[in-house]
Amino acid sequence: MKFDPASSVQDHQYFGEFGGVNPSIEDSSTYTFLKADKMEEIFETSLEGCYLYSRHWNPTNKYLSDTLAALENTESAQVASSGMGAISCTVMQICSSGDEIVSARTVYGGTYALFKNFLPKFNVHTTFVNIINLEEVKKAITPKTKILYCETLSNPLLEVADIAALSKIAKAHNLKLVVDNTFTPMIVTPVNLGADIVIHSLTKYINGSSDTVAGVICANNEFITSLSDVNNGASMLLGPVMDSMRAASILKNLRTLHIRVKQHSKNAQFLSERLKTLGIKVVYPGMTEHPQHELLTNMMNTEFGYSGMLLMDVGSKKRAYQLMEMMQEEKIGYLAVSLGFYKTLFSAPGSSTSSEIPEDERTETGVSEGLVRMSIGLDNDIERTYSKIKECFNKLD
């Protein structure tokens, strides 16, 4: 049977303490025990339905984690206080001093900075590769490599990783394939294509309201359990715990994700096709001329579209800045980083979300100063939005 992420999320029902249709929020940092030996037992292992301390687990966080595991078709999941917290804990759980990572060269700037600048302090080093070039990926792997890392749809260039092919490479070398699926929730299910671990910044599409920062790690039971180990678990010891109030809020928003993703994608597809007719250089994976359009088409859960992210190259930083300021003035959206909001968000990645990457590397990979990254909103009248964007282009110097 074909995997349906929307139905998997919908089938997760939790009753509140008094029969509420929303689960009760467990607003506690610590938990009581009737017997002292039971507390000792919890320190040594994890028991279903028993909680020790909310840095370890919290019932509300568990509700959200289990629903996100259903979304990504993994055995288990663990939420974190940020997407970077999820990435950091995953890497530090797998890697020890002397180990190596092979990563896509076009990844979120924070991820790049973690891999390039921070992890070497712990003698963990990363080789950045063109993830589209599978031969280059293979050549970068050494006996010290432990992780192959990519984003399903890369930030900001919107390149599509061939997860099935990368999985074969990872398995041949006994590596963990870690996939950041932040740009494509419901659209792609990486585990079904062979990924070992799936990460999201919940801040973005999954929460969808730009009012919280959060992340999640989705994987098998063994890996998620290891993260919470009181002696060696990265999540337990580094402590990026999510607040239970935020977990409850994200769980509510998650219920409408399938509707939102469809509308984001529908609007982005419309705008990319219309903007192309104006002679604007547009990058969108739903367009047939996108280099990996066919690949994504074969990977995706088709009813959710090709994502709400599109990229425009307007030629220069001056024109990019001018355009974004005009679009904000015309109430098309906000000049802001992040994505997945109900309003369109736009930024120049070269000077914002990818600024951690050195200029020469940005130039080499194609992150030019004239790029404008757009997270298309849930606009009801997308034709009206297009007309307003067109007027902004007409006023450009």
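**View 1. Lys390 in helix H15 of the predicted model**. Lys390 has a relative accessible area of 33%. Helix H15, in which Lys390 is found, covers residues 382–395.

**View 2. Lys390 and Gly233**. These two residues are 157 residues apart along the chain. In the predicted model, a separation of 52 Å is computed between their C-alpha atoms.

**View 3. The largest cavity**. Two cavities of 30 Å³ or more are found when the whole structure is searched, and the largest has a volume of about 110 Å³. Its lining consists of 13 residues, of which Arg55, His56, Gln78, Val79 and Val241 are the closest to the centre of the cavity.

**View 4. Strand S1 and the lining of the largest cavity**. Strand S1 spans residues 76–80 and supplies three residues, the largest share of this lining. By residue class, the lining of the largest cavity holds six nonpolar, six polar and one charged residue.

**View 5. The second largest cavity**. The volume of the second largest cavity is about 40 Å³. Phe183, Pro185, Ile187 and Tyr205 belong to its lining, together with Val261, His264, Ser265, Ser307 and Gly308. Five residues of this lining are nonpolar, four are polar and none is charged.

Terms used
Residues numbered from 1 in each chain as written. Predicted model: local features only at pLDDT ≥ 70, side-chain atom pairs only at ≥ 80, totals over all residues. Heavy atoms only, no water. 1 Å grid on protein atoms, 1.4 Å probe; cavity = no way out; pocket = protein on both sides within 12 Å on 5 of 7 lines; lining within 4 Å. Points joined across faces, edges and corners; volume = space filled by probe spheres on them. Helix = DSSP H or I, 4+ residues; strand = E, 2+ residues; numbered from the N terminus. Nonpolar A, V, L, I, M, F, W, Y, C, P; charged D, E, K, R; others polar. Buried < 20%, exposed > 50% of the residue type's maximum accessible area, 1.4 Å probe, protein only.
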